[in-house]
Amino acid sequence: MGTPDARPLSGGPRTTDVVVIGAGQAGLSAAYHLRRSGFEPGRDFVVLDHAPAPGGAWQFRWPTLTYAKVHGMHALPGMELTGADPERPSSEVIGEYFTRYEETFDLRVRRPVDVRAVREGAGGRLTVETSAGDWSARAVISATGTWDRPFWPRHPGQETFRGRQLHTAQYPGPEEFAGQRVVVVGGGTSGVQHLLEIAPYAAETTWVTRREPAFREGPFDESDGRAAVALVDERVRRGLPPQSVVSVTGLPVTEAVRRGREDGVLNRLPMFDRITPDGVAWDDGRRIDADVILWATGFRASVAHLAPLRLREPGGGIRVENTRAVRDRRVHLVGYGPSASTIGANRAGRAAVREIRQLLAGRPALVG
Ligand SMILES: Cc1cc2nc3c(=O)[nH]c(=O)nc-3n(C[C@H](O)[C@H](O)[C@H](O)COP(=O)(O)OP(=O)(O)OC[C@H]3O[C@@H](n4cnc5c(N)ncnc54)[C@H](O)[C@@H]3O)c2cc1C
């Protein structure tokens, strides 16, 4: 350790040991473990984030996603989140918590700094190209989440729709849909939450999903969690694009969900066959008129900045062992695939730092 952060006199890239890209749950966890292992912030590692404020993706989530509605939010390592008012928006609660966290552990996150590309650099180092100049690093921890890559499936006739189309990433809360006919597409937690919120305001809601939604009665214990993570992990090890962990855990039947199922808000229709100027239609002749189509169709991993390193497998995903990219052991992905939950991100941050210490000490990669 111990390469200085100062910009060299030649005006070349600043040098450091580790660049952490992203300051959400995963990036902050990694930064915490770097600090604990004796890495000096600003000198031995830097944390870069392109968002305007602390909070990771939480800062962009809709105001009606209160802290009470967040399920299983795990605290960051080393500092509990206590005494939060469950009725306040998660964006505020978690934004404030992350702010305190960054200050307490002196993590010195630089923002807004957009990482545009990570490339092979000189002398076995990686060059991290950013909106604030380049860094040269011995290892990179990519913790960029999924929020910046909303997934919009394509359907015939989509461009002809005269109403409004938006994605969960732009969901403003339910009031804007007062008196409107809204089609919500997607069988995940976000789709369910949107429907339950919008139904009391809207003239009509319709729920459309590709597969029969998997409601889960009863408690979700640790072994269920481990089984869900193992499923995603298996895909990532095979080089396939990760599914979200939530997509394999099923939809918990809360009191609100039970009521939604009883009063018909959560009666689901199969996927429509096309979009028309006035709504959606099925080949059997059924049609539903709509003012809004809300795509609650999830997100994909935000990894475009890693493209120059050619880490992708033919299956479309980046193969990862623990958190290490199989094709380049200098690159770790945390909050990716099996670690894309708040608890997974915590563990991944620790694991990545452990392996990077081995790498920088010149020892072979850990197996497992
Ligand atoms: C609506 C919704 C609700 C959720 N609820 C829960 C829940 O209740 N419990 C749970 O465990 N999980 C939940 N999740 C999953 C949750 O998002 C993750 O658990 C966790 O917050 C992700 O942390 P992260 O650090 O991986 O990503 P993020 O929080 O997305 O952080 C990534 C950071 O990287 C930055 N970044 C991205 N690209 C770049 C770039 N090129 N250059 C610089 N910076 C960049 C972003 O600005 C951001 O700050 C939810 C997800 C969604 C979409």
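**How we know what we say about this fold**

In this predicted model, residues 24 or more positions apart make up 69% of the chain's contacts with a separation of 6 or more.

Q: What makes the chain as compact as a globular protein of that length?
A: Start with the parts: the chain has seven helices and 20 strands. Its radius of gyration is 22 Å, close to the 21 Å that the globule rule gives for 368 residues, so it counts as being as compact as a globular protein of that length. Along the principal axes, the C-alpha trace spans about 70 × 45 × 40 Å.

Q: How do you know which stretch has pLDDT under 50?
A: Look at residues 1-6: pLDDT stays under 50 there, and the model has 16 contacts beyond four places in sequence for them. For the chain, the mean pLDDT is 91, with 94% of residues at 70 or more.

Q: Why is Phe-215 called partly exposed?
A: Phe-215 has 14 C-beta neighbours inside 10 Å. Buried would take 20 or more, and exposed would take 12 or fewer, so a count in between is called partly exposed. Phe-215 belongs to strand S11 (residues 215-216). Leaving aside neighbours within four places in sequence, Phe-215 touches Gly-250, Leu-251 and Val-253.

Q: What puts the buried residues of H4 on the same side?
A: The buried ones are Ala-228, Val-229, Val-232, Asp-233 and Val-236. They cover an arc of only 140 degrees around the axis, so they sit on the same side of H4. On the other side of H4, Ser-223, Arg-226, Ala-227, Ala-230 and Glu-234 are exposed.

Q: How do you know that the span of H4 is close to what is expected?
A: H4 (residues 222-237) has 16 residues, and from first C-alpha to last it reaches 22 Å, close to the 22 Å expected at 1.5 Å a residue. Just after H4, Gly-239 takes a positive phi of about 80 degrees.

Q: Which residues touch the most other members of the largest nonpolar core?
A: That core has 60 residues, and Val-18, Val-19, Val-20, Ala-30, Val-140 and Val-334 touch the most other members. Apart from it lies another core, of 26 residues, including Trp-207 and Ala-296.

Methods
Residues are numbered from 1 along each chain as its sequence is written. This is a predicted model: local features need pLDDT of at least 70, side-chain atom pairs count only at pLDDT 80 or more; totals for chains, interfaces and linings use all residues. pLDDT is the predictor's confidence in each residue, from 0 to 100. Two residues are in contact if their C-beta atoms, placed from the backbone, lie within 7 Å. A nonpolar core is a set of buried Ala, Val, Leu, Ile, Met, Phe, Trp, Tyr and Cys residues joined through C-beta atoms within 7 Å. Helices (H or I, at least four residues) and strands (E, at least two) are DSSP runs, numbered from the N terminus. The expected span of a helix is 1.5 Å times one less than its number of residues. The arc is that of the directions from the helix axis to the C-beta atoms. The radius of gyration is taken over C-alpha atoms; the globule rule is 2.2 Å times the number of residues to the power 0.38.
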